[in-house]
Structures are given as C-alpha cells and as structure tokens.
Amino acid sequence: MSKSNFTRRGLLKTSAIAGAGVAMPTIFTASSAAAYTNEPTGSGVTLGFNVPQTGPYAEEGMDELRAQELAVQHLNGEGDGGMMNTFSSKALKGNGILGNKVKFVTGDTQTKSDAARASAKSMIEKDGAIMINGGSSSGVAVAVQGLCQEAGVIFMAGLTHSNDTTGKDKKANGFRHFFNAYMSGAALAPVLANAYGKDRRAYHLTADYTWGWTQQASMQAATEAMGWETVNNVLTPLASTDFSSYIAPVLNSGADVLVLNHYGGNMVNSLTNAVQFGLQDKMVNGKQFEIVVPLYSELMAAGAGENVQGVIGSMNWNWQLQDEGTKAFVKSFGEKYGRPPSNSAHTCYVQTLLYADACERAGTFNPCGVAEALEGFEFDGLGNGPTLYRADDHQCFKDVLVMKGKENPTNQYDTLEIVEVTPRAQVEYAPDHPMFAGGELGKCNPGA
Amino acid sequence: MDAVILQILNGLDKGSAYALIALGLTLIFGTLGVVNFAHGALFMIGAFCAVSLSKILNLSFETIDETQTDFLGNPLKVKTAYIESWFGPELGASIIDWAVPLAILFSIPIMIGIGFIMERGLIKHFYKRPHADQILVTFGLAIVMQEIIKHYYGANPIPTPAPDVFKGSFDFGTLLGFDPNVIIYPYWRLVYFAFAAVIIGTVFAFLQFTTFGMVVRAGMADRETVGLLGINIDKRFTIMFGIAAAVAGLAGVMYAPINSPNYHMGMDFLVLSFVVVVVGGMGSLPGAVAAGFLLGILESFASMNEIKSLLPGIDQIIIYVVAIIILLTRPRGLMGRKGVMED
C-alpha cells in the first residue's frame with residue numbers, strides 16, 4: 001500500500017510558490033507595475049495645479065489657473081492650440097500626453113508653505129497627480145519642491161523669484177521657468193545707470209524674508225558695479241501695511257534713489273506711501289529723486305494705480321511682446337477670458353506645455369526620464385526668444401524685460417510699458433556663482 | 001531733530017487710525033460688554049464704501065472707437081462715465097475726483113445700518129455668553145464679511161486716490177524754521193489726523209454734553225440701576241453699536257487713499273487695536289484714544305534706523321513690549337476702571 005506525502009498545508013505552500021513563480025516575469029516589468037509615482041494606468045493622466053486660490057495672492061493664483069486650464073485644452077486638441085503652434089519642438093500632437101487625455105486637479109496653496117505642501121501631498125497621494133505646477137511665493141516654491149523631490153514627481157515652480165529656489169534649495173525633480181533676483185539686478189542696473197546716471201546713492205527698503213534678502217543683495221551688487229553707492233538697507237517686517245515710518249528717514253538720508261525690494265501688498269503699500277511723501281518731486285544731490293521696484297507684476301501694478309507711473313522695474317514676460325508665441329498665447333487667453341494674461345499665467349501655461357513636451361520626447365512619464373529631457377533643453381517660440389533649461393541647476397535662461405509704469409494708461413491693463421528686452425547673455429551666470437552657493441541638485445527621485 | 005519730528009507726525013497719523021478703531025471697540029465693550037472681533041471688518045467695509053462710491057461714480061457707457069484697437073486687435077471700446085456726460089467733462093471729473101470725501105456721507109447710513117443689523121441679528125444673542133463665545137462668533141463674522149468683500153471686489157488692492165488738491169506734501173519744516181524740504185508730510189495724512197481729531201472730539205462731546213450721552217454713560221457705569229429708572233437702555237446701546245460701527249467705517253473711508261483697500265485690511269488692524277484697548281484700559285474711552293496715539297508714536301520711533309541698529313527687530317515687537325510693561329505695572333491699563341473684565 002502506497003502512502004501519499006501530500007498534505008493540505010504542503011499543497012498550499014507549493015501552490016503559493018508556483019503562483020509567485022508564474023507571476024514573477026510580469027511583476028517586474030515596467031508595463032505591469034508602478035515603476036514610478038502615479039504611473040498612469042488608464043487612458044488619462046492627471047496634472048496637479050497648486051496655486052493660491054485664497055489669501056492675498058488669490059488674483060494671481062486664479063490667473064495661473066486660467067492659463068493652466070487653457071494649456072490642458074490645447075494639449076487635448078481643443079481650442080486654437082495657442083503656443084503649441086509656435087513652439088520650436090513639434091513633439092506635441094494635440095492628443096494629450098503620450099496618447100493619454102490630460103486631466104487636472106487643483107490645490108490651494110493659500111501662499112502658506114504648510115498649506116501648499118498639504119495640498120500638493122493630497123493631489124499626489126489621493127488624486128494621483130503625476131506632476132505639480134504653479135504657485136506664487138518663493139517660500140511656497142521651496143517647500144513644495146522639497147515635497148515633490150521626496151514624493152518622486154516633477155515640480156514646475158510658478159512665480160518664484162528668490163535666487164534660492166534654483167540656488168541653495170535646488171532639487172533634481174524641480175524646474176523653474178521664472179527669472180530670478182540676480183537676473184532682475186543684471187537687467188535693471190544698466191538701464192538705471194543709463195536713465196539716472198552712474199553717480200547715484202540708493203536707499204533700500206527690503207521685505208524681511210528669503211526673497212527680499214536675495215533681491216536686495218542682487219540689486220546692490222548690480223548697481224554698485226555700475227558705480228552707485230548704497231546708503232542704507234532697512235529690513236521691513238513682512239506684515240507691515242503702513243511704511244511711512246520707514247520712508248520718513250529716506251527724506252534726509254542723502255539718498256537720491258529708493259529701491260523697494262517688496263512684492264505684492266508690501267509693494268503696493270510702500271510705493272503708494274513713497275509717492276505720498278512726494279519723494280519723486282524732490283531734488284537731492286542736484287538730481288531728481290527716483291523710485292525703483294525691481295520685481296513688477298501686472299496685477300500689483302494695477303493695485304498701485306497711478307503711483308507706478310514712471311517707476312522702473314523688471315518682469316519675466318509681458319503680453320505686449322510682439323513675437324509670434326506671445327501673440328498666439330495672448331489671442332487664445334484673451335478670447336477665452338476677455339483679458340490679457342499676466343506673467344505668472346504665462347509661466348504656468350508654458351511650464352505645462354514644456355512638461356508635456358518633455359514626456360513626449362522622453363517617451364515616458366517617469367520623472368527621471370522627463371527631467372533628463374528637460375535638462376539642457378533649448379527651444380524657442382514660447383514668448384521670450386531662444387530659451388535654455390540649464391542642466392546644472394534647472395534654472396531657465398531667456399531674455400528679461402525692463403518695464404516702466406506708463407504715464408498715460410488707456411485702460412486697466414495698460415499700466416506698464418516695455419523699456420528694454422535685456423538679452424539672455426546679459427543675465428546669465430555661472431552655476432557656481434556665490435549668490436547661488438550651497439545645496440546640491442541631488443539625484444532624480446522616481447518615487448514608487 | 002528733523003527725524004524726530006517726522007516720526008512724531010507719523011506716530012500721530014498711525015495713532016489716529018488706532019484711536020478711531022479702538023474708540024469704537026471700547027464703546028461697544030463699555031456699553032454692551034461685547035468683545036467685538038468683527039470691528040476690524042467694519043473698518044474694512046468703511047474703506048470699501050469709498051471704493052464702491054468711486055465705482056458708482058465711474059459707471060460708464062461704451063462707445064466704439066474705430067481708430068484705436070484693444071489688445072486683441074479689435075476696435076477699442078472707449079468708456080465714458082455717465083456722470084461726465086450728464087454734468088460735462090470738467091464737473092463730472094471733479095465729482096469723481098472727490099469720491100473719497102463724498103463717501104463720508106455715503107458711508108454713515110450704510111455703517112449704522114450694518115451695525116444695527118449685526119447687533120440685532122447676531123450679537124444680542126451673545127450678551128450673556130462668555131467672552132470666549134463672543135470672540136469666536138464675532139471673529140467668524142469678520143471672516144464671513146471678508147470673504148463677501150473678496151467675492152465681489154477680488155483679492156487685489158484697489159487704488160482709491162485722494163482728491164488731486166490733497167496730493168503731494170506740505171513743507172512742515174519751514175513753519176518750524178528748518179530749510180525747505182527737510183520736514184515734509186503728505187497732505188492727506190494731515191487731513192486724516194485732523195479728521196480723526198474731529199471725530200474723536202464729536203464722540204466725546206456727544207457723550208458728555210447730550211442727555212442721550214449722559215444716559216449711555218450712566219448705563220456704562222451701572223446698567224441695572226438705569227434700567228430700574230424705566231429707561232430703555234438696550235435701545236440706546238443698540239444705537240451706540242451703530243455709532244461705533246460708523247466711527248470704524250469713517251476711519252476706513254478716510255484711510256482708503258493712504259493704502260489701497262483690500263479685503264483683509266481689517267485683520268491687519270484688529271490685533272493692534274485690541275492691544276490699544278487693553279493698554280488704554282478696558283471700557284475707558286479716553287484710555288483708548290491716549291493709548292492709540294501713544295502706541296502709534298512708539299511704533300514710529302521704533303522704526304528709526306538709530307533705534308533698530310541698537311535693538312534689531314524692535315519695530316516688530318515694540319507694541320507688545322509696551323503692552324506687557326503697562327499691564328505689569330498697571331494691570332487695568334492706563335485708564336482702566338475697577339470692576340471691568342475682573343469678574
């Protein structure tokens with residue numbers, strides 16, 4: 001009589017091992033399991049748009065959101081295609097990204113780092129966002145960039161102008177299309193020296209946080225290189241609303257230029273207060289007193305009203321540019337929303353297209369493949385002339401605009417005029433420039 | 001010396017706004033015993049009364065100008081204000097230019113109405129509730145009011161300039177024997193200070209020299225006894241809430257040209273104004289005014305470069321440092337009354 005060695009437990013063990021063995025080849029292939037965070041599994045791909053929808057920068061955030069929605073329409077083959085028609089890369093076909101229909105989810109950064117991280121995290125973990133795009137603050141950009149690096153998704157920063165974003169806080173998964181404080185200084189200084197002379201004494205009022213510090217340092221270095229003297233730099237609390245007590249000492253300081261290293265509500269109020277004090281009517285050291293606002297935005301210029309008239313500043317892009325890319329975008333945006341786009345809207349629109357284009361060229365959504373496609377990418381047709389995404393620090397290099405508050409605006413959008421388009425070569429710097437020192441780009445993280 | 005005089009002027013100007021808001025807060029606390037965290041929102045709504053009147057005066061009709069184009073290349077739509085077509089370009093433009101002063105008249109009935117609705121509709125239900133409940137409900141109300149304003153006016157600041165005649169600066173130094181252009185101060189800020197002085201004087205005169213004011217003061221001192229005399233003190237206190245709302249609103253209307261109004265400007269003043277009330281003494285009207293000007297001047301001096309170089313960051317904390325010192329040495333504040341907020 002023979003006796004079988006099979007037992008119920010032994011049968012189960014054998015089946016499990018056999019099952020695992022049969023399944024083995026497909027588990028470890030990229031097409032059948034997640035090789036990176038939020039790898040698309042169906043016919044759609046989800047982008048995460050993280051912008052301020054509440055709080056003091058809500059208007060700017062809403063304009064970013066409008067532009068991102070427009071970009072999604074264009075990617076999916078709807079509308080007139082906008083800048084896809086003028087973009088030098090022809091990888092985008094109007095059928096989504098890699099054949100996947102583009103969907104999007106939105107988050108509210110509230111212009112607070114913790115809220116921005118929480119909304120980005122939620123979009124990545126709950127909504128399956130494969131990339132995060134947008135925002136209006138350097139503090140927020142640095143915080144979200146760190147989160148995206150950990151999570152293994154691509155981050156395309158929105159309006160962030162601090163040198164630190166692609167300086168000491170740069171990350172391999174993060175890219176910035178927007179210009180930075182160094183570039184503002186490099187573009188503005190020659191124009192200022194030309195307009196106001198090289199023998200000037202500047203007094204700086206500076207918002208007391210990361211962006212303000214880097215903006216002030218950049219302006220001081222650039223203007224001193226032109227021969228200006230820096231009389232004083234006074235840090236002002238970010239929460240300040242009335243700047244009269246900071247402006248009063250400027251009157252008899254011997255300075256003949258006031259540089260307002262402020263943005264948003266700070267800029268609107270400090271510029272308004274400075275004009276109220278009649279600074280622009282004063283003659284100091286035998287020269288007309290002048291005010292400079294290094295970073296302009298259309299929305300903030302509108303907030304300051306007639307006080308911006310004649311005041312010089314810089315911008316990343318402006319709807320009045322006459323290149324074909326700008327004209328195509330302004331037409332698409334203007335016809336859809338009845339208003340010209342802001343420079344933060346342009347940044348977010350362009351970044352959405354660039355991300356999609358990089359996926360197409362890389363043939364994958366894998367963030368490491370996408371990052372590789374974006375690194376060192378040179379292109380044209382997106383509004384600022386020939387443009388480079390530098391591989392060393394993921395900073396975008398392109399022409400920078402010097403703007404001036406228009407003396408006789410004809411409508412609410414006609415607040416600024418272009419004084420000069422500063423060529424890209426003039427605002428470029430070495431990757432190891434001291435203002436960008438510290439921090440490592442690190443390695444791309446695909447997550448999952 | 002010139003720097004000191006300039007900072008005194010700045011302090012008086014800042015103090016004017018603090019004093020006006022704190023005056024209204026103290027009136028409400030002194031009469032109704034309510035800690036009103038929505039008071040900053042009333043200041044903000046006052047500023048938006050100026051914005052609204054400016055928008056109303058600028059209501060326009062459009063004509064097509066074929067000779068010009070808009071940003072899309074279409075024929076330009078040119079806007080002309082109705083008021084300019086009715087009264088002629090010059091008079092119409094002058095009326096629009098004076099929108100902020102005209103908003104004083106526009107805002108008074110609106111602010112009294114809002115104050116009345118707030119008090120009758122919500123706050124009266126919280127008279128006998130703990131102060132923590134009052135703070136929570138009024139703070140919530142302030143957020144609701146903010147969001148309503150943001151919904152209709154957006155989040156961006158809205159420039160609301162003073163009339164052209166008040167633009168520029170007054171050369172104060174020449175009056176004091178200084179060289180020209182050494183001590184100059186914006187005309188509108190001087191107007192704001194004078195306006196605040198008139199409002200504060202009017203409120204004090206109203207309380208001091210009218211029968212209504214006498215009853216209100218008696219009610220603030222001993223509500224129960226005044227009630228036993230057959231006087232409807234609740235009705236008078238409701239009117240005082242409306243007056244306090246109007247004072248905050250007027251402070252906001254006149255502040256609009258100083259800083260472009262935005263939906264969260266009330267919150268910027270709220271905490272400071274509460275510090276002013278506490279430093280002045282809860283329930284003390286003269287205390288609120290005195291503390292408003294005192295803290296405004298100290299805040300301005302703390303912003304001076306000479307002070308900041310000795311004590312970096314002092315400009316951010318000076319008000320709270322002074323508040324701590326005063327409360328340690330005079331626990332009821334500068335002019336606080338015994339028994340108020342002590343039960």
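How many residues of chain B are in contact with chain A, and how many residues of chain A take part? In this predicted model, 34 residues of chain B are in contact with 37 residues of chain A. On the side of chain B that touches chain A, two or more residues are given by each of helix H1 (2-32), strand E4 (184-186), helix H13 (285-302) and helix H15 (314-329) of chain B, and H1(B) gives the most, with seven residues. By class, this side of chain B comprises 13 nonpolar, 15 polar and six charged residues.

The model scores ipTM 0.86 and pTM 0.87. Chain B has an average pLDDT of 90, with 99% of the residues scoring at least 70; among the elements of chain B, the mean pLDDT is lowest in helix H7 (residues 172-175) of chain B, at 85, and highest in helix H2 (residues 39-57) of chain B, at 96.

In chain A, an unreviewed UniProt entry places the feature "domain: Leucine-binding protein" at residues 45-406, a stretch that is 40% helix and 20% strand and whose end C-alpha atoms are 43 Å apart. Chain A is divided into domain 1 (44-179 + 319-398) and domain 2 (182-315), and the centres of these domains of chain A, taken over C-alpha atoms, are separated by 30 Å. The contact between them takes 14 residues from domain 1 of chain A and 15 residues from domain 2 of chain A. On the domain 1 side, the elements of chain A that give two or more residues are helix H2 (58-75), helix H4 (138-151) and helix H11 (343-362), and the residues of this side divide into three nonpolar, eight polar and three charged.

Definitions and conventions:
Residues are numbered from 1 along each chain as its sequence is written. Chains are lettered from A and ligands numbered from 1 in the order in which they are written. This is a predicted model: local features need pLDDT of at least 70, side-chain atom pairs count only at pLDDT 80 or more; totals for chains, interfaces and linings use all residues. Two residues are in contact if their C-beta atoms, placed from the backbone, lie within 7 Å. Helices (H or I, at least four residues) and strands (E, at least two) are DSSP runs, numbered from the N terminus. Ala, Val, Leu, Ile, Met, Phe, Trp, Tyr, Cys and Pro count as nonpolar, Asp, Glu, Lys and Arg as charged, and the others, Gly among them, as polar. pLDDT is the predictor's confidence in each residue, from 0 to 100. UniProt positions are given in the numbering used here, feature names are shortened, and annotations may be inferred rather than shown by experiment. Domain bounds come from an automatic or database domain assignment.
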